Amino acid sequence: MSAPPNLPEIVTRALKMSLQHGYVMASRTETGRLLATLAATRTGTMAECGTGCGVGAAWLRTGAPKSTRVLTAELDPELAHGVMEMFAGDDIDVMHADWSTLAEHAPFSLIFIDAESARHSPREQIVDMLETGGMIVLDDFTPSSSWPPMDSGRVDQLRQEWLTDDRFTSVDVMVAADTSVIIAVKR
């Protein structure tokens with residue numbers, strides 16, 4: 001273990017909300033600690049595409065310098081307004097909107113892509129929101145030791161596309177035995 005087992009209070013609140021809404025697949029602690037670490041290296045504004053119950057945004061805020069802005073967008077009105085209320089005093093801006101409206105607040109120094117619709121949207125929409133030197137973070141990949149990367153007996157096209165995009169320096173990081181994260185830095 002590379003960090004204390006206790007969780008930051010803001011993350012604990014978001015995890016409780018996730019359980020209350022029946023989500024058992026919120027951002028994993030391993031991924032969260034990585035998000036917090038990456039956020040600690042950023043300035044400016046960071047974004048999360050798909051707030052859910054706020055776990056990813058909470059991790060970003062725990063690592064981000066106080067001078068940075070953390071912005072997250074959620075399409076589901078019940079979730080968005082619940083997270084707005086939960087984070088009212090935590091310096092996280094929650095938008096009740098589709099993730100694509102984040103473009104109005106670009107450029108971003110880090111974008112955590114958590115919404116399934118954002119993961120599978122035309123990559124240009126995401127790339128255009130990122131500043132030079134900015135990071136894209138995508139989680140929930142099945143670890144693969146082969147090239148091309150495989151998932152369930154098929155080439156993992158999404159992972160392969162991010163890892164081979166010449167506009168980025170990218171890496172696939174295994175954060176636990178059963179999950180990996182792509183980190184892509186825009187050149």
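**Pocket lining, aromatic contacts and burial**

Analyst: In this predicted model, the residues lining the second largest pocket divide into 8 charged, 4 nonpolar and 2 polar.

User: Which residues of that lining are closest to the pocket centre, and how much space lies in the pocket?

Analyst: The second largest pocket holds about 240 Å³ of space. Its lining has 14 residues, and those closest to the centre are E116, R119, H120, D140 and L158.

User: Which elements supply at least two residues of the lining of the second largest pocket, and which supplies the largest share?

Analyst: At least two residues each come from α5 (116–119), β5 (130–141) and β7 (154–155), and β5 gives the largest share of the lining, with 3 residues.

User: What makes W162 and F168 an aromatic pair, and of which kind?

Analyst: The ring centres of W162 and F168 are 5.4 Å apart, and because the cut-off for pairing is 6.5 Å, they form a pair. Their planes stand at 70 degrees, and since an angle over 60 counts as edge-to-face, that is the name this pair receives. By this rule the count comes to 1 aromatic pair.

User: Why are the buried residues of α7 said to line one face of the helix?

Analyst: In helix α7 (residues 157–164), the buried residues are L158, R159 and W162. Viewed down the axis of α7, these buried residues fall within an arc of 95 degrees, and therefore they line one face of the helix.

User: Is E104 buried or exposed, and where is its place in the chain?

Analyst: The place of E104 is in the loop between β3 (92–96) and β4 (108–113). Its relative accessibility is 65%, and because exposed means over 50%, E104 counts as exposed.

User: What separates the C-alpha atoms of E104 and E161?

Analyst: The C-alpha atoms of E104 and E161 are separated by 26 Å, with the two residues lying 57 residues apart along the chain.

Technical notes: Residues are numbered from 1 along each chain as its sequence is written. This is a predicted model: local features need pLDDT of at least 70, side-chain atom pairs count only at pLDDT 80 or more; totals for chains, interfaces and linings use all residues. Side-chain values use heavy atoms; hydrogens and water are left out. On a 1 Å grid over the protein atoms alone, a cavity is a set of points where a 1.4 Å probe fits but cannot get out, and a pocket is an open set with protein on both sides within 12 Å along at least five of seven lines; lining residues have an atom within 4 Å of a point. Grid points are joined across faces, edges and corners, and a volume is the space filled by probe spheres set on the points. Helices (H or I, at least four residues) and strands (E, at least two) are DSSP runs, numbered from the N terminus. Ala, Val, Leu, Ile, Met, Phe, Trp, Tyr, Cys and Pro count as nonpolar, Asp, Glu, Lys and Arg as charged, and the others, Gly among them, as polar. Rings of Phe, Tyr and Trp (its six-membered ring) pair if their centres lie within 6.5 Å; planes under 30 degrees apart count as stacked, over 60 as edge-to-face and the rest as tilted. Buried means under 20% relative accessible area, exposed over 50%, partly exposed in between (1.4 Å probe, protein chains only). The arc is that of the directions from the helix axis to the C-beta atoms.
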